[in-house]
Every structure is written in C-alpha cells, then in structure tokens.
Amino acid sequence: MVSRRMVLGAGLGGLALVSAGGVWRVTRMPQTAFAPWNVDEAPLNDIRLDAFRHAILAPNPHNRQPWVIRLIGEDEAEISCDLAKRLPATDPFDRQITIGFGTFLEVARITASERGYAMETEIFPDGEAQPRLDDSPVARVKFGRIEGAERDHLFSAITQRRSNKEVYDLSRKVRDIQLETITVDGGSFSADPEFVAQLRTQILAAVDIEMTTTKPHRESVDLMRIGHQQIDASPDGISLSGPLIEAGIVTGQIDREQLADPTSRAFSVGLEQLRETYGSVPSLIWITSPGNSRADQIEAGRQYVRANLQATILGLAMHPMSQSLQEYEAVAGPYRDVHRLLGAKGEQRVQMLARVGYGPDIGPSPRWPLATHLA
Ligand SMILES: Cc1cc2nc3c(=O)[nH]c(=O)nc-3n(C[C@H](O)[C@H](O)[C@H](O)COP(=O)(O)O)c2cc1C
C-alpha cells in the first residue's frame, strides 16, 4: 500500500496565491484527530482501558485501525476485526491487517507490564481464520496483577513512535550496532550500500506497479483524507495535510479524482515524491517468519512494533515499505525478487520491510478515540 503523508503539496510549487479567505484556510490544521495521542500519565482504574488506549496508537496498515474490543467480565477482552476496514486489493489475504493486530496486542502488553500486570493472550481462540479474516475473534486477552512485574523499557516510546515517511539524511550513516539493537527481538538488517541498492530497485518497481495498477491505486485514493476537515471527520486512512495541500484544495488543484487520474499533475507530483521518499534508504530492516500462518503474522507485528519503538528510543526514523511484499498478481515479480534477495526459502515469508535512518521530526498520524473501538 502506498501512503502519502504531507508529501504531495510540496511539489505543487507553482500554486497561485490564494485570497485572504484562502490564507485563513491554508493555515488550518486538524483539531481533534490527534487527541488520542495525549495519553494522561495517570493510570486508569481499568487496566484494560489503560492498555487499549495505548494500543490504538500502534502502527497498522493504511491507518485503518480495524480493532474492535469487547470487554468481558472484570479482566478479560476479546479483540476482533472490523471487516469493513480490510484492504482487499493490496492485502487480499488480510495478512497485513493481521500484522496490525500483532502490533496492537504488543503495545497493550507493554502497557500492562508497565502497570504491573501480565496480559495473557490466546490468539484465534476459535481457530485461525483462513483464507481471510472473519467475525471470529483474533485474540482473547486476560489481565492479572503480578508482584514485582518486570517493566518494559519500550513503554516510554509509545507516544513518540512514528512511521516516518519523509526523505532521510543519507549523509548520516546508520551503524550496525544500532540496527542490531533495533532487531534484538526479531528481524534482520543491512546497511550495506550495494545490497540496499538492489532492494531499493525492487521497492521502487513495486511502488510504480501499485500506483499504475487500477484497483490497488484506487484503494489508496479512496482512503485519502484530503485536508484538515476530512482528517478530523475520519481520523484514519492516508492523511494529506499541511499548508500546500490546503492551498491545493482551495485552488482546485487537489481533489480525489485528480489524485486517481494518472494523467493529472497531482498524480505525477505524488508519484515523483513517493519515488523520492521510498528511494531514500540509508539502511533496511526486515522481518521474516517461518511460514505464513496467522500466528506468524501476529508475531511479525509484535516484532515490528518492538523494532519501531526501539528505533524511536535511538532517535532513528523508520518507514515500512510493503509494496513488494503484497500478494496481488501484478506485483509478483518484485515480490519474488525481494524474497530471493532477503534469503527467504521454502515456506518462509518476508512480512515487513522498512527503511531506517535519520529523518525530520514529524507529528503523529490521526487516530479514532478509544471509545469508538469498544463494541
Ligand atoms: C503491516 C503494515 C504495513 C505497512 N505498510 C506501509 C507501507 O507500505 N507504506 C507506508 O508508508 N506505511 C506503511 N505502514 C505504516 C502505516 O501507514 C502507519 O503505521 C499508519 O499510517 C499509522 O501511522 P503511525 O505508524 O505513524 O502511527 C505499514 C504498517 C503496517 C503495520
């Protein structure tokens, strides 16, 4: 899936000056979409709500936030998928959506341990949903106090973590020891320029395929939230915001149909900027699982969010790039080549691939409030 975060506007440099009314609009930013990131320091009385208000900040594909939470009794909960929030074109088997449950569960668990609780998790208690997710629960969790619980140092990074989709500073090298620390809980890495360059070629080929294949591209365009009003109204999907986007909206240079139209200026500027950001690869980490079961996917999500949190602590930016890992037919070439380059054999599957480097500081991405996830 191709995400564009505040990138598009910069390339529409030749925008006409906007009127005074326009200026008022171009300076507007989303007002409520980031509120869930202001997590009060004080623990909540109900450990489940405390854990889940942090868990909804987890990285997840296209920021769909498909998590439905049903509280059971005093200390349990069932987590299932809002099936309308899946991504059938780019994620035909709900593999990536499932990874986003792994990230969610791990952030909940980290929070529980910070508060002195264990979170026991049973994934797919009614059996693995295959070949797509269904109404059955993805996980059932139970919280219990433990004396002298070991705290997880990654807790401190939960609200600071980002998927940083900006251009990185290629003059600053990422050291192996940093990458080793990031992948300590699972994953592999490389900062070898030749190897990275080979992968970069495949990654960019897959980005081009996704942008020029109708269904996957349309899926992304339909999920774009264009400007602060749409972002506040639907704090999910792919947000396009910032002064130049707002100016593009006001001057009629950016709208959904132009973004979908491969012959439009908005489309070509967007593609150019994606190539620039996805091509800015100081180093790579990837997560390979032994197979592709739902349990493998959940585990990949757990490992990925731990890597992302650890990178945050080290001051490193990280950006997942999943285009070449997707299962739709048009992208089969890069899929095969990336698996080969990353040494995946037999049943092994590369579940996540991300660039790591030094990027500009960015703000958080939108979130729906916790209350909207409670069934
Ligand atoms: C399984 C998975 C796949 C992802 N793939 C991509 C991707 O291909 N491109 C991208 O820009 N972001 C990707 N992301 C990052 C999400 O877009 C991001 O987590 C989401 O927008 C929320 O933003 P945040 O992580 O900054 O909170 C992926 C995340 C997950 C969990």
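## Exercises on helix packing and backbone geometry

The axes of α3 (47-55) and helix α4 (residues 95-114) come within 8 Å and cross at roughly 130 degrees. The model is predicted, local features need pLDDT of at least 70 and side-chain atom pairs count only at pLDDT 80 or more, whereas totals for chains, interfaces and linings use all residues. Residues are numbered from 1 along each chain as its sequence is written.

**Exercise 1.** Classify the packing of α3 and α4, and state which residues meet.

Step 1. Axes are lines fitted to C-alpha atoms, for helices over the stretch in contact, and angles run from 0 to 180 degrees between N-to-C directions. Helices (H or I, at least four residues) and strands (E, at least two) are DSSP runs, numbered from the N terminus.

Step 2. Angles under 35 degrees count as roughly parallel, over 145 as roughly antiparallel, 65 to 115 as roughly perpendicular and the rest as oblique; α3 and α4 are therefore oblique to each other.

Step 3. Their crossing is right-handed, where a crossing is left-handed if the near helix is turned anticlockwise from the far one by less than a right angle, and right-handed if clockwise.

Step 4. Counting as contacts those pairs whose C-beta atoms, placed from the backbone, lie within 7 Å, Ile-47, Asp-50, Ala-51, Phe-52, His-54 and Ala-55 of α3 meet Phe-104, Val-107, Ala-108, Thr-111 and Ala-112 of α4. By class, this contact of α3 with α4 has 8 nonpolar, 2 polar and 1 charged residues, with Ala, Val, Leu, Ile, Met, Phe, Trp, Tyr, Cys and Pro taken as nonpolar, Asp, Glu, Lys and Arg as charged, and the others, Gly among them, as polar.

**Exercise 2.** Carry out the analysis for helix α6 (residues 193-212) and helix α13 (residues 332-341).

Step 1. The two helices pack at an angle of about 160 degrees, with their axes 9 Å apart, and α6 and α13 are therefore roughly antiparallel to each other.

Step 2. The crossing of α6 and α13 is left-handed.

Step 3. On the α6 side, Gln-198, Leu-199, Gln-202, Ala-205, Ala-206 and Ile-209 meet Pro-334, Asp-337, Val-338 and Leu-341 of α13, and by class the contact has 7 nonpolar, 2 polar and 1 charged residues.

**Exercise 3.** Locate the residues with a positive phi that are not glycine, Gln-65 and Phe-124, and decide whether each is buried or exposed.

Step 1. Most residues other than glycine have a negative phi, and most peptide bonds are trans.

Step 2. A residue is buried if 20 or more other C-beta atoms lie within 10 Å of its own, exposed if 12 or fewer, and partly exposed in between, C-beta atoms being placed from the backbone.

Step 3. Gln-65, whose phi is about 50 degrees, lies in the loop between α3 and β1 (67-72) and is buried, with 24 other C-beta atoms within 10 Å.

Step 4. Phe-124, whose phi is about 40 degrees, is found in the loop between β3 and β4 and is buried, with 20 other C-beta atoms within 10 Å.

Step 5. The loop between β3 (117-123) and β4 (139-145) also holds Pro-131, which is joined to Gln-130 by a cis peptide bond with omega about 0 degrees.

**Exercise 4.** Describe the chain as a whole.

Step 1. Its secondary structure comes to 13 helices and 10 strands.

Step 2. Buried residues make up 48% of the 375 residues.

Note on methods
Contact = placed C-beta atoms within 7 Å.
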